[in-house]
Amino acid sequence: MEEKMGNGSTIKRFGFWKWAVASFFFRLTLSYFSENLNFSARPEVTTPLNSLRRLAEGYWLKQLEMSPYSGSMYHGSPLLLPILGPLTVKKIYGQPSQVLCCLVSAVADLLAAFLIRETGHRRVAAHTHHFTSLGILKRIDFLPSGDIAAMVYLWNPFTVVSCIGFNTTPIENLFIILSIYGSSAGLAPLSAFGWVIASHLSLYPLILVIPIILLLGFGLDAPPRKLFVNLHSDESDQAKLLSPYSKCTTNTIFCWRKVTLFFVWAFIWMSYVLTLCSLYMKEHGGLHEMLRRTYGFILTAKDLSPNIGVLWYFFSEVFEFFRDFFLMVFHANILFMVLPLAIRLNHRPCFLAFVYIAISSMLKSYPSVGDAALYLSLLALFVNELAEMQYSFFLFCGYAGVFLLSPVMHNLWIWRGTGNANFYYATSMAYACFQIVLITEALTTMLNYDRKITKLCSVVKNSKPELSQESFGDIKQQ
């Protein structure tokens, strides 16, 4: 199905909701076999931070009037205990508690996919408007990036495994996506709420404050902003009346009002969250104990159980004298890339958010496949811009190979005793390498795409106005 836009361009659509409902029931079906599949015991799926089994332990400790962080089992937010804790023990019509937890995760995945879809629709509408404003195109055929990204999120094996893996990753991903959607829609309170909750649950989304500010201040992704500086202020009615999302325009002037409103609401939500945590932990050490057992646990990487990250093996081998130094190095790697990327990609805040999430997923202390599911779905939002991305098939085979080999290597090491830790760590290193290639290729392709737009605008402005009648695909081949 194709949807006609106001400027003659078309966007291809397909039935989203029937596939979304099918994915929902597919998850519920698999949840009945979750005990047999035993994904909750896989180190690729669950970590010390997102495991619902550890959350259940913290919930029972709290029921016994003890600190939920006693025994070094639970390291998540105390606010999750009264919400998800009862679900880990409650049964419905005799069904095991895993089914109820999987139901919550499935609903979270469905909501996240809907928000990704709406964000994609806004991006496509803004994309069309930008090209028309620049006088480049009269007819564009866009892929439905919102629908594609939502389908990638719903049917990605990583997402499905995380949903039935008895962990909190689907909920964390939902709030990250909520913050991006709220920013793209210009809803500062909603964006602040998603950002505060996501940062509270897993710390690393704190760096998303930069793309959120850029989204609220300048609007959605656009060609380089310098192309719009000399644009005449009086746009044609044809360029303005594109779609219901026609307000998604490019602003060359930063909107401080929305950004200020975002920080005000972020302060309100953060105060509210910290107050609730303080009240819940009043008899067990207060906020200091909560911060030490959650964020301190993330930053110090004390649990060296195997996972798909690169930190656990390194810190199991490094001398204790150098441990603090290398901890600072690993965490600083994330921070060092924040500012340069923000300067270079300030006109593409959604893509900047994808890059930040992918980098933090690669370098975080306790990664899982649910992190990959999030940034791969966000990558699908840019199918129109990254159509010429290289090594796509190589990356697909690499990701598939790593996650097929990872359980084999783990089994050879832990259960059969015919291997060692190097077997499993080799798959973690390969996974990190594939993530580096993915981020590098995506960045290179996006920057090349911007260069082509800049060159095309220059050609059209100087000597070839007839090029505006051609499609962008034909121009890229010239």
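Just after helix 3, Glu65 takes a positive phi of about 60 degrees. Helices here are DSSP runs of H or I with at least four residues, numbered from the N terminus. This is a predicted model, where local features need pLDDT of at least 70, side-chain atom pairs count only at pLDDT 80 or more, and totals for chains, interfaces and linings use all residues. Residues are numbered from 1 along each chain as its sequence is written, and side-chain values use heavy atoms, with hydrogens and water left out.

**Helix 3**
- Helix 3 covers residues 52-63, and its 12 residues reach 16 Å from first C-alpha to last, close to the 16 Å expected at 1.5 Å a residue (that is, 1.5 Å times one less than the number of residues).

**Helix 1**
- The 16 residues of helix 1 (residues 16-31) should span 22 Å, and the end C-alpha atoms are 23 Å apart, which agrees.
- Phe16, Ala20, Ser23, Phe24, Arg27, Leu28 and Ser31 are the buried ones in helix 1.
- They cover an arc of only 135 degrees around the axis, so they sit on the same side of helix 1; the arc is taken from the directions from the helix axis to the C-beta atoms.
- As a rule, an α-helix has 3.6 residues a turn, so residues three or four places apart point the same way.
- Phe26 is also found in helix 1, and Phe26 is partly exposed, with a relative accessible area of 36% (partly exposed runs between the under 20% of buried and the over 50% of exposed).

Key. Helices (H or I, at least four residues) and strands (E, at least two) are DSSP runs, numbered from the N terminus. Buried means under 20% relative accessible area, exposed over 50%, partly exposed in between (1.4 Å probe, protein chains only).
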